Amino acid sequence: MRKTKAPAVIATFVVCFLFWLLLTWSVKPQELIAGAVVSLAAALFSARFFIHEKAFWFANPAKLFTGLFYWVCVFPCELIKANLHMAKVVLGGCKVKPGIVKIPSSLESDYGRAALANSITLTPGTITMEIVEEEGKPWYYVHWIEAESDGEEAGEAIKGRMEKWIRRFWEK
Amino acid sequence: MKTDLIVFAVLFGALAAVAMIRLIKGPTGADRMVAGDVADTLICCAMILFALYSGRGIYLDIAIIGAMLGIVDTMLVGRFLEKGGKK
Amino acid sequence: MLMWIKIISDVLIACGAFFALVGVLGILRMPDTFCRMQASTCVSTLGVLGVALGGLLHAIFVMNSASTAVKIAVICLLILVTNPVGSHAIAKGAYKAGIRPETPMETDDLGRDSE
C-alpha cells in the first residue's frame, strides 16, 4: 500500500475545495468551514490513489505557458482536422479500413504517457486500447480507422505534433 | 429573443432519442454502453441550453452530476466486460 | 454589438449540433463495434465544445452571470477529461470479452501479440 504524502494531500485538497466553492457559489463563513473540513477528509483518504509523482511539477511559468499553448492552440487544431475527416467518412460514406496497430513512443514520466494516451483517444478515429512497456519504452496499441501502415510510420501519422509538445510540457 | 436556445435544446434531445435506437438494437453490450454514453452527453448539452433559456442555475448542477455519473457507469461496464462478462 | 454576440453564439451552437449529428449518425451507420466508438468521440469533443463556447458567450454577455459561465466551463472540462478514460475502458473490455468485427481486421497487432 502506498503512503500518503503531504504535497499530494495539499493538491487534492485544493481541487476538492475549488469544486465545493463552485457548487455552493457563496462565501459565507459556515459554508467555507464545512467545505474545508469535508475536502480535507476526502484528500486524506484519497490522495494516495491520485498523485504518484511530484504534485507541483507545473509551478514554473514557462512550463505552464507551454501547456496552455498546447491545450488551447495545438490540440484543438488536430481535433478539428480529425472531426472533419470523421464527418466526411460518416456523411460521404467513404470505405473504412479498421485495424489495431502498435506504435512506439519515447515518453518517460507517467503523466506524459497518460496525457498522450488521452490525446490519442480524444481525437476521433483513434482509440488507445492498451499500453505495454518493453525495453523501457512504452508501446501503444491503437485502434485506427484507417490502418494503412504499421510501426514508426503509423506512429508519425497518429501522434503528429502532439508528442513533441507533450514532451516539452511534461518532461524536464 | 430566446427561441433559438429552446430550438437547439429540443434538437439535442431528439438526437439523444435517435441514439437510443442503437441502445435498443445493439448486438453487443459494448454497443449499448456507447449509445448510452452518447445519450448522456447529449442530454447534458440539452440541459446547458435549457438552463440558459430558463435562466435558472439548478439545471447546470444537474448537468454536472450527470456528467460525473456518466463516467462511473461507463467504467463499471468496461471493467465488467474486461473481467469476462457475457457478450 | 449584442446582436453580433448572439449571432456568433448561435453559429457556435449550430456547429456543435452538426458534429453531434455526425456522431449519432456514425453510431447508427458504422459497420462494427469499434468503429461506432470512434464515431461517438465526435459528440463528446466538438459537439460539447461548440455548445459550451456558445453557452459561455451567451452567459457572459447576454445574461451577465459569472456563476453560470463558470459552471458551463466546468461541465465542458469534466466531459473532455473523463470521456477518453471511459472509451478506453469500453474498448479494452470489449476486446477482452471477445467482441470482434464481422469481417476480420487486416492488421491486428494486439491479437497477434497476446497469443
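Modeller: Chain C has a mean pLDDT of 88, and 99% of its residues reach 70 or more; pLDDT is the predictor's confidence in each residue, from 0 to 100. This is a predicted model: local features need pLDDT of at least 70, side-chain atom pairs count only at 80 or more, and totals for chains, interfaces and linings use all residues. Residues are numbered from 1 along each chain as its sequence is written, with chains lettered from A and ligands numbered from 1 in the order written.

Colleague: Where in chain C is confidence lowest, and where highest?

Modeller: Lowest in helix α4 (109–113) of chain C, at a mean of 74, and highest in helix α1 (2–29) of chain C, at 92. Helices (H or I, at least four residues) and strands (E, at least two) are DSSP runs, numbered from the N terminus.

Colleague: And the complex scores?

Modeller: The predictor gives an ipTM of 0.89 and a pTM of 0.89.

Colleague: How many residues of chain A are in contact with chain C?

Modeller: 30, against 32 residues of chain C; contact means C-beta atoms, placed from the backbone, within 7 Å. α3(A) gives the largest share of chain A's side, seven residues.

Colleague: Switching topic: what is the strand order in the chain A sheet?

Modeller: β1-β3-β2, an open, antiparallel sheet of three strands. Strands pair if DSSP finds at least two bridges between them. The edge strands are β1 and β2 of chain A.

Colleague: How many bridges join β2(A) to β3(A)?

Modeller: Eight. Val132(A) has Trp139(A) in β3(A) as its bridge partner.

Key:
Two residues are in contact if their C-beta atoms, placed from the backbone, lie within 7 Å.
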